[in-house]
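Please open the model in your viewer and keep the selection tool at hand. The stops below say what to select next and what is there.

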Amino acid sequence: MNIKLDEFKKYIKMKKVAVLGIGVSNTPLIIYLAKMGVDITAFDRADELKLQQVIEKLKGYDVKYSLGEKYLENLNGFDVVFRTPGMRPDLPELVKEKDRGAVITSEMEVFMDLCPAKIFAVTGSDGKTTTTTLIYTMLKEQGYKCWLGGNIGFPLLSSIDEVADDDKVVLELSSFQLQTMRKSPDVAVITNVSPNHLDVHKSIDEYIDAKKNIFKYQKDTDRIVLNHDNETTRSFSNEAKGKVVLFSRLENLQEGAFCKEGKLVYRNANGETELVDADEIIIPGRHNIENYLAAIAVVIDYVEPAAIRKVANTFKGVEHRNEPVRELNGVKFYNDSIGTSPSRTIASLNAFAQKVILIAGGYDKKIPYDVMGEVLAEKVKCLVLMGKTGPKIEAALKKEIERTGRGKDTAVVYCSSLEEAVESAYRAAVSGDIIIMSPLT
């Protein structure tokens with residue numbers, strides 16, 4: 001019996017509840033609360049016409065709505081407010097409700113507080129989706145009943161009644177979800193940290209502080225897995241309360257997961273275990289070696305080497321991550337639409353031995369692009385750009401041309417839509433070429 005869950009249900013039934021955002025993550029939450037008879041109002045900036053399908057799905061439940069551009073004007077007098085990920089917690093309307101006495105929380109915060117099972121959670125600027133999926137897949141291969149949630153999978157609070165003590169829960173957590181988190185998972189992972197989402201976070205320091213919440217509230221019996229090769233994540237070792245376990249693609253470690261003579265190994269006080277040959281991993285790229293090492297450092301106490309090896313031999317990657325889409329007249333198309341930062345797009349480009357045609361650009365997250373110059377010059381034969389960040393990406397290439405002379409033969413094309421970009425990329429291609437869409441947004 002989940003005593004905390006029973007207490008939560010008794011508590012929430014007596015409260016006036018607001019759910020901000022009627023999207024994928026909050027619709028199941030609204031239904032879950034409505035089924036309990038909670039007095040609930042759903043808020044969204046979109047109007048009723050745009051939300052027609054969602055409202056139809058909620059038909060039959062006793063839900064009130066506050067919609068449209070001024071939707072937050074009605075946020076007044078609530079006991080509990082569920083904030084959607086990406087909504088800043090210091091919005092004046094939220095601060096006013098909090099000062100009045102409301103509890104400001106989120107679906108994920110409540111789930112983590114109520115979850116009876118061991119929680120494995122992953123964050124990072126890049127690689128978190130693949131690493132999360134690898135951990136989930138390895139645990140499932142070992143035979144555990146697993147739940148996948150957070151940024152991927154299904155909103156788990158609506159399924160909390162079904163989660164048992166001996167299950168395993170694997171979460172991908174963004175900086176937005178972590179920013180107000182006051183509970184850390186049993187096993188935490190930070191894949192790496194580089195500037196990202198600075199269109200929402202006020203500074204890189206705020207972004208990093210949000211990431212730290214994944215281990216800030218751990219106990220000494222918990223575990224934090226950190227990337228030794230990333231200077232920022234390595235520095236977190238000094239602040240960790242749980243047991244620190246490192247992984248490294250570049251160095252042999254006294255303890256942790258690392259590469260040694262082409263093999264992925266794990267070393268602890270009991271010795272060294274060879275787990276899988278790097279050549280057995282069927283998804284390409286050095287970055288995926290790092291993702292496997294992170295996953296190994298997490299599951300090593302729960303999963304047998306045979307299960308880790310089987311996943312390496314069979315796991316084909318996550319959707320939209322350098323995903324083969326089709327081949328047309330000898331031209332191969334890859335969807336890397338999860339590529340939302342310069343470092344991730346660099347890793348995706350480095351996964352290919354030849355020069356490629358890159359479709360990139362979109363809205364501006366206020367992050368630096370100069371770091372891309374070298375790989376653009378080395379790996380891209382034609383750069384197809386869109387959106388506000390297009391000129392910034394081109395500027396990174398131009399700086400590299402001025403600095404080294406490399407990349408001056410790279411063609412640059414600007415387009416006003418994704419459809420136009422794909423057509424332009426295909427016109428620039430010949431048989432044998434590779435086209436990658438990695439938008440950096």
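Over the ring of which residue does the charged end of Lys16 sit? Select Lys16 together with Phe78: the charged end of Lys16 sits over the ring of Phe78, 4.8 Å from its centre, where sitting over a ring requires NZ of Lys or CZ of Arg within 6 Å of the ring centre and within 35 degrees of the ring normal.

Before going on, note that this is a predicted model, in which local features need pLDDT of at least 70 and side-chain atom pairs count only at pLDDT 80 or more, while totals for chains, interfaces and linings use all residues. Residues are numbered from 1 along each chain as its sequence is written, and side-chain values use heavy atoms, with hydrogens and water left out.

Next come the aromatic pairs, of which a search of the whole structure finds 5; rings of Phe, Tyr and Trp (its six-membered ring) pair if their centres lie within 6.5 Å, and planes under 30 degrees apart count as stacked, over 60 as edge-to-face and the rest as tilted. Phe43 lies in strand E2 (residues 39-44) and Phe78 in the loop between strand E3 (63-67) and strand E4 (80-82), so the pair ties together parts that are 35 residues apart in sequence. Helices (H or I, at least four residues) and strands (E, at least two) are DSSP runs, numbered from the N terminus. Phe43 is buried, with a relative accessible area of 0%, and Phe78 counts as buried at 3%; buried means under 20% relative accessible area, exposed over 50% and partly exposed in between (1.4 Å probe, protein chains only).

Now select Tyr334 and Phe352, another edge-to-face pair, 4.9 Å centre to centre with 70° between the planes. Tyr334 belongs to strand E16 (residues 331-335), whereas Phe352 is in the loop between helix H12 (342-350) and strand E17 (356-360), 18 residues apart. Tyr334 counts as buried at 17% relative accessibility, and Phe352 is buried as well, at 10%.

For the last stop, select Thr105 in strand E5 (residues 103-105). Thr105 is buried, with a relative accessible area of 9%. Leaving aside neighbours within four places in sequence, Thr105 is in contact (heavy atoms within 4.5 Å) with Val80, Val81, Phe82, Arg83 and Val110.
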